[in-house]
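Subject: Handing over the structure

Hi,

Here is the structure I promised to pass on.

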Amino acid sequence: MKIAVDEWKEAGHITEGVLFRSISKTGRVWKTGMTPKVLWEVVRAGASRAGIEKLALHDLRRSCARLCHLAGGELDQIQFLLGHVAIQTTERYLGCKQKLRFAVNDRMGIEPENAASAQ
């Protein structure tokens, strides 16, 4: 991905400012970047080519959050990314549920030495 971005920067002679810029129908590059409307049209066109007919902005937000979570992203960082005030909102958003049979704190390795003989 970095190679593609570097190639884009080189081809567009971009040394500072916004990376993705609009290009008019006449080929003129706008140095101020893309408007949200232009960016959304680019995303919708790509989704259509991928066979995704119904796509909402919120779908992308939710997918991003879930992919971050599946990749091991910490809940508080995902909360910050989403702008949620309460961590409980993020938990509901992601569908997080505690698995008490496999509690994460059971794997910390701080069992007392005689815990095995007490069972």
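How many helices and how many strands make up the secondary structure of the chain? There are 6 helices and 0 strands, where helices (H or I, at least four residues) and strands (E, at least two) are DSSP runs, numbered from the N terminus. Along the sequence the pattern reads α-α-α-α-α-α.

Some housekeeping before the details. Residues are numbered from 1 along each chain as its sequence is written. This is a predicted model, with local features needing pLDDT of at least 70 and side-chain atom pairs counting only at pLDDT 80 or more, while totals for chains, interfaces and linings use all residues; side-chain values use heavy atoms, with hydrogens and water left out.

On to the chain as a whole. Of its 119 residues, 13% count as buried (buried is under 20% relative accessible area, exposed is over 50%, and partly exposed is in between, with a 1.4 Å probe and protein chains only). The chain exposes about 10500 Å², and carbon and sulfur atoms supply 59% of that; accessible areas come from the Shrake-Rupley method with a 1.4 Å probe, and for residues only the protein chains shown count as cover. Taking the contacts in the chain with a separation of 6 or more, 14% are between residues 24 or more positions apart (contact means heavy atoms within 4.5 Å).

Let's start with helix α1, residues 2–11. Among its 10 residues the count of buried ones is 0, which leaves α1 hardly covered. After α1 comes His-13, with a positive phi near 55 degrees.

Which residue forms a salt bridge with Asp-6? Lys-2 does, and the closest N and O atoms are 2.8 Å apart. A salt bridge here is a side-chain nitrogen of Lys or Arg within 4 Å of a carboxyl oxygen of Asp or Glu. Both Asp-6 and Lys-2 sit in α1, 4 residues apart, or about one turn of the helix. Asp-6 is partly exposed at 32% relative accessibility, whereas Lys-2 is exposed at 59%. As background, an α-helix has 3.6 residues a turn, so residues three or four places apart point the same way.

The count of salt bridges comes to 2. Arg-62 is partly exposed at 27%, and Asp-59 is partly exposed at 25%.

Now for the aromatic rings. The whole structure holds 1 aromatic pair, formed by Trp-8 and Phe-20: the pair is tilted, 6.3 Å centre to centre and with 40 degrees between the planes. The rule is that rings of Phe, Tyr and Trp (its six-membered ring) pair if their centres lie within 6.5 Å; planes under 30 degrees apart count as stacked, over 60 as edge-to-face and the rest as tilted. Trp-8 lies in α1 and Phe-20 in the loop between α1 and α2, so the pair ties together parts that are 12 residues apart in sequence. Trp-8 is partly exposed at 40% relative accessibility, and Phe-20 is partly exposed at 49%.

What about the cysteines? The search finds 0 disulfides, a disulfide being a pair of cysteine sulfur atoms within 2.5 Å. The sulfur of Cys-64 is 4.2 Å from the closest cysteine sulfur, in Cys-68, which is too far for a bond. Cys-64 is partly exposed at 36%, and Cys-68 is partly exposed at 28%.

Last, Leu-82 in helix α4 (residues 75–82). Is Leu-82 buried or exposed? At 8% relative accessibility, Leu-82 counts as buried. Leaving aside its neighbours within four places in sequence, Leu-82 is in contact with Arg-61, Ala-65, Thr-90 and Tyr-93. The C-alpha atoms of Leu-82 and Arg-62 are separated by 9.1 Å, with the two residues 20 apart along the chain.

Cheers
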